[in-house]
Amino acid sequence: LFAGQTEFLKGVVAMSGLPPADRAEVCFAGRSNVGKSSLINALTGRRGLARASNTPGRTQEVNFFTAGDIYLVDLPGYGFANAPVKVVQTWQRLMKDYLSGRSTLRRAFLLIDARHGAKAVDEEIMALLDRSAVTFQAVMTKIDKPRGDDLRRALDVTRAALARHPAAFPEIVLTSSETGQGIDTLRGLIATLE
Ligand code: GDP
């Protein structure tokens with residue numbers, strides 16, 4: 001789909017820096033280290049396009065990629081253990097402004113680690129998506145990782161969380177950037193939103 005035609009456009013730290021809302025866009029949100037950069041790279045077929053920025057303070061940029069006729073938007077990761085209050089507040093402000101103010105935002109993909117399932121901090125962003133009236137879909141990452149009963153448990157916890165949020169789609173997309181599982185499915189979903 002968008003392989004070979006995806007480009008990094010810009011990283012923005014404030015609403016004033018957003019590119020013109022002239023095409024459909026989808027955004028990706030998730031806890032830091034959930035596998036968001038790996039997923040965006042797998043989706044676009046471009047290794048190294050999206051970079052993990054695993055230090056609090058370096059994580060506040062909203063990164064825009066052009067992919068065919070759509071923007072892919074990489075939201076800053078959240079859930080750092082010892083993030084300074086100011087960093088968290090800046091993140092919350094930016095997320096709130098972006099999610100509630102972007103008319104062309106078609107859908108959010110909320111990434112959740114297949115080993116752990118949805119956590120309290122994920123539910124906070126689900127609540128923010130509800131309030132912003134942005135429909136969202138849960139995407140399990142690292143589906144190649146869980147062993148034994150862990151995946152079933154993670155899915156149960158995640159389904160229960162989704163059921164509490166009116167803006168959520170009930171279906172969970174299972175992906176692995178490592179094996180490629182679910183990547184085509186997700187690409188297909190995004191293509192229908194263009
Ligand atoms: P981000 O902070 O959310 O952008 O996370 P990254 O994409 O940097 O991934 C965090 C870590 O998880 C890295 O060590 C990745 O190699 C690893 N990772 C990401 N996706 C997968 C996956 O699908 N399977 C496995 N086994 N590891 C993954």
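The following conversation goes through some features of a predicted model and the rules by which they are named.

Trainee: What should I keep in mind about the numbering and the model?

Mentor: Residues are numbered from 1 along each chain as its sequence is written. The model is predicted, so local features need pLDDT of at least 70 and side-chain atom pairs count only at pLDDT 80 or more, while totals for chains, interfaces and linings use all residues.

Trainee: What makes up the secondary structure of the protein chain?

Mentor: The protein chain has five helices and seven strands, and read along the sequence they follow the pattern β-β-α-β-β-α-β-α-β-α-β-α. Helices here are DSSP runs of H or I with at least four residues, strands are runs of E with at least two, and both are numbered from the N terminus.

Trainee: How do you know whether the radius of gyration agrees with a compact globule?

Mentor: The globule rule is 2.2 Å times the number of residues to the power 0.38, and the radius is taken over C-alpha atoms. For 194 residues a compact globule would come near 16 Å, and the protein chain has 15 Å, which agrees. Along its principal axes the C-alpha trace spans about 45 × 40 × 30 Å.

Trainee: Why is helix 2 called oblique to helix 3?

Mentor: Helix 2 (residues 85-101) and helix 3 (residues 120-132) pack at an angle of about 40°, with their axes 9 Å apart. That angle makes helix 2 oblique to helix 3, because angles under 35 degrees count as roughly parallel, over 145 as roughly antiparallel, 65 to 115 as roughly perpendicular and the rest as oblique. The axes are lines fitted to C-alpha atoms, for helices over the stretch in contact, and angles run from 0 to 180 degrees between N-to-C directions.

Trainee: Which residues meet where helix 2 and helix 3 pack?

Mentor: From helix 2, M95, K96, L99 and S100 meet L128, L129 and S132 of helix 3, where a contact requires C-beta atoms, placed from the backbone, to lie within 7 Å. The residues of this contact divide into four nonpolar, two polar and one charged; Ala, Val, Leu, Ile, Met, Phe, Trp, Tyr, Cys and Pro count as nonpolar, Asp, Glu, Lys and Arg as charged, and the others, Gly among them, as polar.

Trainee: What makes G117 count as buried?

Mentor: A residue is buried if 20 or more other C-beta atoms, placed from the backbone, lie within 10 Å of its own, exposed if 12 or fewer, and partly exposed in between. G117 has 24 C-beta neighbours inside 10 Å, and therefore counts as buried. G117 lies in the loop between strand 5 (105-113) and helix 3, and its C-alpha is 4.0 Å from that of A154, although the two are 37 residues apart in sequence.

Trainee: What makes helix 1 mostly covered?

Mentor: Seven of the nine residues of helix 1 are buried, among them L39, I40 and L43.

Notes
Contact = placed C-beta atoms within 7 Å.
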